[in-house]
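Subject: Structure for you, with notes

Hello,

Here is the structure I promised to pass on. My notes follow below it.

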Amino acid sequence: MLDTEELAQQAAESARGAEEARKLDPDVVKLLVEAGFARHFVPRECGGVEGTFAELTEAVARVGAACPATAWCASLAANLGRMAAYLPAEGYREVWAQGPDALVVGSLSPFGKAVPATGGWTLSGRWPYISAVAYADWLLLCGTLPDGAGPRVFAVPRDEVEVVESWESVGMRATGSHTVVASGVFVPERRAFARADLLTGRPTASTAACHTVPLEAANGLSFAGPLLGAAEGALGQWSAYAVVKARSVLLRPQAPGPSREALAGVLAHSAGETDAARLLLERCARVADLGAEVTPEQTRRNLRDTALSVRMLASAVNRLAANGGTTGYGESAPLQRYWRDVNTSATHVALQFESAALSYAEGRLWTTETPETTQTSSPAAAR
């Protein structure tokens, strides 16, 4: 079970300093690992727990209510570890040779180029936005091959790449999402797998449900979970402010400020959106836990629901920030940090509603199959 109480407390206490340093506090990272995030999806044979998306989503949200940046890194630590399990068994045993708590970070964007070499490849490239890279043990980096066979994902030890500090975002500052540069790094065959296998849920050696789920059915949860926690944390901060304002209305009814009706409207609307997003994400997690049994229709719905949830969470937080008073925008105020973190994260490519909507509409409003099939298809068949 993921133990988050101490992690959440320490993350909240160090959040402002972590923002200034643009990376998590080392003690927070230690607690993140001790809480079990790095090992959550690691194969049991390597000491991991092959855990569930349902448990991870709930744990990430609890941490996100204290510090969204810490939750972001915790979620990615678990999910990049899951991806490392797609390596051949000899390769993932090397990643976890020292135990299941190795911190894996990385990127699936094919920004590298791999050249065949005896026994493997040499990898070069430049990958931006690698969260928590300062504390990584291993990286998963994606690159293309000269034969056009499709991108591959390569596992590389942290000390074989260069980290260029480039993270200057106004939100999620503490994630330390810097740029990684590889220059002719040799990667043996045992430490690489086809990215297409990750997309379709075909690991080389594992049969666990958490490893055989198609990527699109689970990937949105990696990024939406921290935002669910952020919205719940923002709601808590705003509510503390609103309680004082509501009391002030009773004691000084002629004083300037929001009415009780206005406060009630903000609370009900933002809390309702946050609750609705939670329900959708909990269903997404249950679907992802089906593993290889997930249907294409469920995958498309999960894409829709994670993107829609993030829209609702951003709406809820924006409303809270807009009605949180001038003090809510102070540099030391947690509310403005939640606001910045949520709006920054909502731009992630995996959370875009338009592309999710196009996928969801496939088979309902149109099909990419042959014209003959399209002519004979029935709207009822898509329900």
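Start at valine 42. Beyond its neighbours within four places in sequence, valine 42 is in contact with Gly48, Val49, Glu50, Trp96 and Pro100. The residue sits in the loop between α2 and α3. Valine 42 has a relative accessible area of 0%, so it is buried. The cut-off for that label is under 20%. Leucine 80 is 38 residues away from valine 42 along the chain, and their C-alpha atoms are separated by 9.7 Å.

Please keep in mind that this is a predicted model. Every value here is computed from it.

Glutamate 50 lies in the loop between α2 (26-34) and α3 (53-64). Its backbone stands out: phi is positive, at about 45 degrees, and glutamate 50 is not a glycine.

Is glycine 47 buried, partly exposed or exposed? Its relative accessibility is 36%, so glycine 47 counts as partly exposed. Glycine 47 is placed in the loop between α2 and α3. Outside the four places either side in sequence, its contacts are Arg39 and Pro100. For a sense of distance across the model, take glycine 47 and proline 253. They are 206 residues apart in sequence and 62 Å apart in space, C-alpha to C-alpha.

**The whole chain**

The protein chain has 13 helices and seven strands. Its radius of gyration is 22 Å, close to the 21 Å that the globule rule gives for 383 residues, so the chain is as compact as a globular protein of that length. The C-alpha trace spans about 80 × 60 × 35 Å along its principal axes.

Of the 383 residues, 51% count as buried. The accessible surface comes to about 17200 Å², and carbon and sulfur atoms hold 54% of it. Now the contacts with a sequence separation of 6 or more: residues 24 or more positions apart account for 73% of them.

On charge, there are 34 positive and 41 negative side chains. The centres of the two sets lie 5 Å apart.

**The core**

In soluble globular proteins, nonpolar side chains tend to be buried together. Here the largest nonpolar core has 114 residues. Which residues have the most contacts inside it? They are Leu32, Phe37, Phe53, Trp96 and Phe154. Helix α8 (residues 215-251) gives the most to this core, with 15 residues.

Leucine 320 is a buried residue in another part of the sequence, in helix α10 (residues 296-322). Its relative accessible area is 1%, which means it falls under the 20% cut-off for buried. Leaving aside neighbours within four places in sequence, leucine 320 is in contact with Ala234, Leu235, Trp238, Val266, Ser270 and Leu335. Glutamine 336 is 16 residues from leucine 320 in sequence and 9.7 Å from it in space, C-alpha to C-alpha.

**Two more sites**

Glutamate 94 belongs to helix α5 (residues 89-95). At 27% relative accessibility, glutamate 94 counts as partly exposed. What does it touch, not counting residues up to four places away in sequence? The list is Trp138, Arg190 and Arg191. Threonine 204 is 110 residues from glutamate 94 in sequence and 15 Å from it in space, C-alpha to C-alpha.

Tyrosine 129 is in strand β2 (residues 120-130). Its relative accessible area is 59%, so tyrosine 129 is exposed. Its phi is near 60 degrees, a positive value in a residue other than glycine. Glutamate 50 also has a positive phi.

If you look at one place in the viewer, begin with the loop that holds valine 42.

Best wishes

Terms used: Residues numbered from 1 in each chain as written. Predicted model: local features only at pLDDT ≥ 70, side-chain atom pairs only at ≥ 80, totals over all residues. Heavy atoms only, no water. Helix = DSSP H or I, 4+ residues; strand = E, 2+ residues; numbered from the N terminus. Rg over C-alpha atoms; globule rule 2.2 N^0.38 Å. Buried < 20%, exposed > 50% of the residue type's maximum accessible area, 1.4 Å probe, protein only. Contact = heavy atoms within 4.5 Å. Areas by Shrake-Rupley, 256 points an atom, 1.4 Å probe, with all protein chains shown as cover. Lys, Arg positive; Asp, Glu negative; His and termini not counted. Charge placed at Lys NZ, Arg CZ, Asp CG, Glu CD. Core = buried A, V, L, I, M, F, W, Y, C linked by side-chain atoms within 4.5 Å.
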